[in-house]
Amino acid sequence: MKRTSRALSCAGLIGALYAGAAAAEFQWNFQTPGTKVAQDVSDLHLLMMAIILVIFVAVFGVMFYSIYAHRKSVGHKASQFHENTTVEVLWTVVPTLILIVMAWPATTHLLAVRDTSQPDITIKATGIQWKWGYDYIKGEGEGINFVANLTTPQDQIYGKAPRGEHYLLETDNHVVVPVGKKIRVLVTAADVIHAWYVPALAVKQDAIPGFIRDTAFRANKEGIFRGQCAELCGKDHGFMPVVVEVVSQEKYTAWVGEQKKKIAAAAEDPNKKWELAELRARGEKVYAANCVACHQANGKGVPGAFPALDGSKVANGPLADKLAIIVSGKAGTAMQAFGKQLSATDIAAVVTYISNAWSNKATANIAQPADVLAVRK
Amino acid sequence: MSAVADTHAHHDDHGHHPAGIMRWITTTNHKDIGTMYLWFSFSMFMVGGVMALVIRTELFQPGLQIVNPDFFNQMTTLHGLIMVFGAIMPAFVGFANWQIPMMIGAPDMAFPRLNNWSFWLLPPAASLLVISLFVPGGAAGAGWTLYAPLTVQMGPGMDLTIFAVHILGMSSILGSINIITTLLNMRAPGMTMMKMPMFCWTWLITAYLLVAVMPVFAGAVTMTLTDRHFGTTFFNAAGGGDPVLYQHIFWFFGHPEVYIIAIPAFGVVSQVIPAFSRKPLFGYASMVYATASIAILSFIVWAHHMYTVGMPLVAQLYFMYATMLIAVPTGVKVFNWLATMWKGSLTFETPMLFAIGFLFLFTMGGFSGLVLALTAVDVQMHDTYYVVAHFHYVMVAGALFSAFAGVYFWLPKWTGKMYDERLGKIHFWLSMIFFNVTFFVQHFLGIAGMPRRIPDYSPVFTEFNMISSIGAFGFGLSQLLLLYNVIKTIRSGEKAPARAWEGADTLEWTHLPSPPPYHSFETPPTVR
């Protein structure tokens, strides 16, 4: 239903508005708050709007009365007064008093927003161009870590497939947290400044490379809360969502158990020798999740911005150079250090894939996890 | 200057300066330079406007349709830089050039050659910005605020942007020195400081702001330049620097910059409203003090643009209180304008309509500013469309509407001909309606959580984005009416009297014909 109306919207402007209105969400207020702080902020905003409404009516009441009554066309003669100390003092003092009254709730609410003390669980969120990395560093779930990538397919973005319900606000891994517990989020970044933003939880904290800042929330209901990066961070700034899943304590404990098992299972033997075909197949997936945004699916890159891999000297060159760039990144460019984001096997796989993909025929065409470990040291 | 002037009794003949293009390149006449500033500003307004329409077209519906994300970022960046430094600031310098000498009874600006140079620095700077689109990697895509360390990643387009900023800054500083010197030294006998028209006062204050902060911005981008190419690490924590340092320096420039744009706009409105109310400006002295207070306060509130960087709580509290304080002098100005209208004898020609439009919409921008001042709420609104709506209310409906008011107000004086009043009114109403269609809904988008500077968005935001895009096209196209009206006035407008507006009482209306002679006030008038 929504989708058909979207299709209509291309037809014409009036059609667009009409169809839009038919399926419209017209979300015009804060998202339904998921924490007490978010509710308080919403209430504070409402209070402000009430005060503003009163000022609005008073100020523009005077203006429009003047426009109505003091027109030359109705024969109003101009009086020539241009000073009145009483009024001038009054309209300086009264706004000052209103502001002082407003400062009180503004201060108490700010204190609540900034209170990150005594957390139950501490999670580190790292902004990376263009995804979020998470490490559970204290409390239940300590040791879990993962990277959350956008899962919206390119076809939906380019209009070749119908858009899903959570278009652009969906990731492969959710930040799972228990309801009612205070979660402190340490926010940092690996490359440029990002911002960790979930509207319904009233959290927005810039992620600054080289510094750690914090924010906190205590969700008061279960559910999935969606947000996205809020600080311009380059090409795919609009494509790095934040998805927080608030679950019951029992479910959280179960989730932690599952994650721990996965971590154990994923600990692959770094000394295993892989076949070329196996690595290529795995590498293609790693490439699609991590490299495609810049270097493109066809390996041609974006001329001037992101270099091509297809036919590139590095891709066809010695193994050590390829590994070095992927593990350590390239300073001053968007090429980040993947050494700690991807497992040794994944890096070996993607190097193998790039060495053999498209028109590339590298002589050093296969890398093993052990090669990666040698570089990573 | 005076040696040449003495040998000529009349200067309305154009024999003594080169004709054609050389007239404009070599001119030292404040009126010629003012005209060039205004036409330059209008062309940049068109260029920046087209970029805005590219942005709004992409945002008409979710998905990527006409541009890729990289180019989208370049558009938002250049739109901001070009509108702020290419369109709005030069427009008001154009007004200053035309009006300040005529309003204070001076023959020209204090440094006419410097004046020529200040203008001719602008076209190369603007060209650098436009050329940057065509270098490998395209223009800078880091937003008009040029936050490090994203700027370090950019291609050579970023270097062109940095040089453009240097040149624009130089032009502003030289222009400001000229304005300050003119206002302090070249007033006609009897015109004390407190008798200067309000427009002159606002420019005096603005010029001081410019001299104070443009070097700061130049410093910030120079540090970016050395971080990019010469191995410094001012903004790189790995080398002992701090990315947030850039933001502090930028906004120490950036917040006064907001007032650099707004204060001359206050000045224009303070001339227009009394003229069409046929009543002197209410509370002239308190207006001067309020303007000066706003200027001083603008230096100590910069970090309210950075509430989410994780400043210490105490710093956040301080910046919140200081920011709220600005509402007081700003309120005083609004009340003064209202009191000027009160019991006047009002007529509503186009300049007055735009001035009232300014008053209404600027106050709306002030309201959303109050909301944003509260840190707890700002954390929700920061970097969302709410902020985009807010600053377009103060920049477009504030500064731009006031510039329109000024153009219609002084066009009869500058050209000696009357503009088409009916077209002017249509221009006003279309601008007023479409402006609100474009930007009012953006408040809702921001509150609901749509970040700014994104090329694609969640479908929940579709409807308001569509409305906004339609409004943007309406607003953009309406501006062609202004161009048509101005050209029509110059070509075939009716002859305007020396005092084109009944209530206008500054020197250019009372002592000079329309249009004024090429060299006016060779003998200073005496002001009582």
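Let's start with Q118(A), which sits in the loop between α4 (85–114) and β1 of chain A. Helices and strands here are DSSP runs numbered from the N terminus, with helices being H or I of at least four residues and strands being E of at least two. Phi of Q118(A) is near 50 degrees, a positive value in a residue other than glycine. Is Q118(A) buried or exposed? Q118(A) is exposed, because it has 8 other C-beta atoms within 10 Å. The cut-offs: buried means 20 or more other C-beta atoms within 10 Å of a residue's own, exposed means 12 or fewer, and partly exposed is in between, with C-beta atoms placed from the backbone.

A word on the source. This is a predicted model, where local features need pLDDT of at least 70, side-chain atom pairs count only at pLDDT 80 or more, and totals for chains, interfaces and linings use all residues. Residues are numbered from 1 along each chain as its sequence is written, while chains are lettered from A and ligands numbered from 1 in the order in which they are written.

Now compare R453(B). Its phi is positive too, about 60 degrees, and R453(B) is not a glycine. Look for R453(B) in the loop between α16 (421–448) and α17 (462–492) of chain B. R453(B) is buried, because 23 other C-beta atoms lie within 10 Å.

Next, cis peptide bonds. One runs from Q129(A) to W130(A), with omega near -5 degrees. W130(A) lies in the loop between β1 (121–128) and β2 (131–138) of chain A. Another joins S514(B) and P515(B), with omega about -5 degrees. P515(B) belongs to the segment after α18 (507–510) of chain B.

On to the contact between the chains. How many residues does each chain give? Chain A gives 85 residues and chain B gives 85 residues. Two residues are in contact if their C-beta atoms, placed from the backbone, lie within 7 Å. On the side of chain B that touches chain A, helix α12 (residues 313–341) of chain B gives the most, 14 residues. That side has 51 nonpolar, 26 polar and eight charged residues. Nonpolar covers Ala, Val, Leu, Ile, Met, Phe, Trp, Tyr, Cys and Pro; charged covers Asp, Glu, Lys and Arg; the others, Gly among them, are polar.

Which helix of chain A packs on α12(B)? Helix α3 (residues 36–69) of chain A does, at an angle of about 25 degrees, with the axes 9 Å apart. So α3(A) is roughly parallel to α12(B). That term is for angles under 35 degrees; over 145 is roughly antiparallel, 65 to 115 roughly perpendicular, and the rest oblique. V59(A), V62(A), M63(A) and S66(A) in α3(A) meet V334(B), L338(B) and M341(B) in α12(B). By class, that is six nonpolar, one polar and no charged.

Within chain B, helix α3 (residues 30–58) and helix α5 (residues 112–120) have axes that come within 10 Å and cross at roughly 10 degrees. Therefore α3(B) and α5(B) are roughly parallel to each other.

Last, the largest nonpolar core. Of its 275 residues, I88(B), V269(B) and A405(B) touch the most other members. Such a core is a set of buried Ala, Val, Leu, Ile, Met, Phe, Trp, Tyr and Cys residues joined through C-beta atoms within 7 Å. Helix α15 (residues 385–415) of chain B supplies the largest share of this core, 22 residues. Leaving aside neighbours within four places in sequence, A405(B) has contacts including V268(B), V269(B) and F358(B).

Definitions and conventions
Axes fitted to C-alpha atoms, helices over the stretch in contact; angles between N-to-C directions.
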